[in-house]
Amino acid sequence: MVLPFKHEPFTDFKDERNRQEFEVALEQVKGELGKDYPLVINGEKIFTDDKLISINPGNKEQVIGKVSKATKGHVDQAMDSANHAFKTWKTWTAEERADLLFRAAAIVRRRKHEFSAWLVLDAGKPWDQADGDTAEGIDFLEYYGRQMIELGKGKPLADRPNEHNAYFYQPMGPGVVIPPWNFAFAIVCGTVAAPIVAGNPVLLKPSENTPVIAYKLVEVLEEAGLPKGVLNFIPGDPAEIGDYLVDHKETHFINFTGSRQTGTRIYERAAKVQDGQQFLKRVIAEMGGKDTIIVDKDADLELAADAIVNSAFGFSGQKCSACSRAVIHQDVYDAVLEKSIELTKKLTVGNPSEENVYMGPVVNQKQFDKIKDYIEIGKAEGELAYGGGTDDSQGFFIHPTIFKDVGPKARIMQEEIFGPVVAFTRAADFDEMLEIANNTEYGLTGAVISNNREHLNRARYEFHVGNLYFNRGCTAAIVGYQPFGGFKMSGTDSKAGGPDYLQHFLEAKIVSETF
Ligand SMILES: NC(=O)c1ccc[n+]([C@@H]2O[C@H](COP(=O)([O-])OP(=O)(O)OC[C@H]3O[C@@H](n4cnc5c(N)ncnc54)[C@H](O)[C@@H]3O)[C@@H](O)[C@H]2O)c1
Ligand SMILES: N[C@@H](CCC=O)C(=O)O
């Protein structure tokens, strides 16, 4: 019997034993750095001369791994292998495919600290954030397995005398998974596991920033018994193979998570029907955010400051859900700002592969330079209230940064920065707060800190975001509890980790028989 879904508990690093175990895992992974990793096509490991070099963003000199790079020829081979594998993979029952995910979850759970240690080194995640990333990956495996078992039963329909109607789901065919680097295990795991458990083979092109941890997932699924060709691992340069994967006439779906710029490009290209293409491609595109926390005048101000600071600076603001705008009622603006600065002063910044800090580096030089530019823009658009320091001598470190008195239309209030920068703005009343909260092109997450029930009720319907939170921060959705996905230019609102997610990768079929 499959037990009900329960999310994977987080590790308490205040417990000395957990800290010691994690240090052991970090040392183990450090002993494995710098290795070569292959492509995996039809179960075959292919090493190429041309490599992606993945480095530790907290220590630029440290090479995490050298990962083979796929060409267009490899994409064709991977698609052939996926098409071949589809013939048998689709015949596995929902329970058999779900069992495979449950086995994979058990393997990752046994090696949890090891996976989190790879995330610390490959993505620069602080320990708690890395632990949360691994736990979320396990959750996706457990949750989608259970959802597939449910969907495998089909849906009830009405029958009439001498007529039986059946409603069931079937897989679509091979598709492409293109994840980002910021949840380098969880998002890769969820976006791969869902189409696979639904019966579709996958071509996985991981982010060029974090390909090693993605390879680890491929190994786990192989160990769990995934037949060859069902998951093909084809890291590469997106400029070389990105469009080719999306345009391919055999690509049935593109499961993308990343920036608005790449997502809209994929959405547009996938709409074009290629010569010989016999179906319309489905695009799941989960994109960026410009997420707001509203603080009402009737609010717990300690809670408000804590929610803003942790949502803005957790993982250095490199979450699509991160709070980058705090919209505060004028009566409590100064108090919330002051409390937020006091909390921010206590945050530690450093290299998480050496010590358990609150904030690590940002992912690469490009992001570091971009965030630095936005800090300069912020100085012209508002007043630097705290932080602003940067240092890329050893790794890509940016200190938590707060701007105050920023106008709602300022660039740092409108454009996704994807770094530890938050802008504060004041509003006269709740109407104005909602107006400012909704005035971006994004609609991903948001939070309202208020004890006014009437205002919370209004926000429920008028604050236009896919994930809205009351009296807490706007990050850290949990699989099965807060399915995730946004409106507007934040994407197709796929609600990852929710009860409707697998249907993106299934065709619903009706068979009506007359007796
Ligand atoms: N909404 C969500 O659920 C969610 C979750 C995580 C991250 N994000 C967003 O992701 C972004 C950060 O991730 P990123 O920097 O990796 O994003 P990105 O758009 O630069 O890259 C995402 C993926 O797309 C690939 N890619 C780039 N160009 C491509 C092309 N032309 N064709 C096909 N693939 C291409 C990349 O190699 C990578 O694998 C932020 O905007 C963040 O908000 C959104
Ligand atoms: N699901 C994550 C965000 C994923 C994007 O980066 C959260 O809810 O914080």
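Colleague: Which helices and strands each supply at least two residues of the shell around ligand 1?

Modeller: Helices (H or I, at least four residues) and strands (E, at least two) are DSSP runs, numbered from the N terminus. Here α8 (238-247), β10 (253-257) and α9 (260-271) each supply at least two shell residues. Before going on: this is a predicted model, where local features need pLDDT of at least 70 and side-chain atom pairs count only at pLDDT 80 or more, while totals for chains, interfaces and linings use all residues. Residues are numbered from 1 along each chain as its sequence is written, chains are lettered from A and ligands numbered from 1 in the order in which they are written, and side-chain values use heavy atoms, leaving out hydrogens and water.

Colleague: How many residues surround ligand 1, and which are the closest?

Modeller: A residue is near a molecule if one of its heavy atoms lies within 4 Å of it. For ligand 1 there are 28 such residues, the closest being E208, S259, T262, M287 and E416. They divide into 14 nonpolar, eight polar and six charged; Ala, Val, Leu, Ile, Met, Phe, Trp, Tyr, Cys and Pro count as nonpolar, Asp, Glu, Lys and Arg as charged, and the others, Gly among them, as polar.

Colleague: Which side chains come with a polar distance to an oxygen atom of ligand 1?

Modeller: Polar contacts are pairs of N or O atoms within 3.5 Å. E208 has a polar side-chain atom 2.6 Å from a ligand 1 oxygen, T262 has one at 2.7 Å, and for W181 the distance is 3.0 Å. By the Shrake-Rupley method with a 1.4 Å probe, ligand 1 taken alone exposes 850 Å², of which the protein buries 88%.

Colleague: What surrounds ligand 2?

Modeller: Its shell holds N182, F183, K319, C320, S321, T475, A476, A477 and F484. Alone, ligand 2 exposes 280 Å², and the protein buries 94% of that.

Colleague: And the sheet: what is the strand order?

Modeller: Strands pair if DSSP finds at least two bridges between them. This open sheet of three strands runs β1-β5-β4, with mixed pairing. β1 (35-37) and β4 (51-56) are at the edges with a single partner strand each, so one side of each lacks a neighbour in the sheet. β4 and β5 (residues 59-68) pair in the antiparallel sense over six bridges, and N56 stands opposite N59 in β5.

Note on methods: A polar contact is a pair of N or O atoms within 3.5 Å; within protein, one must be able to donate a hydrogen and the other to accept it, and residues adjacent in sequence count only if both atoms are side-chain atoms.
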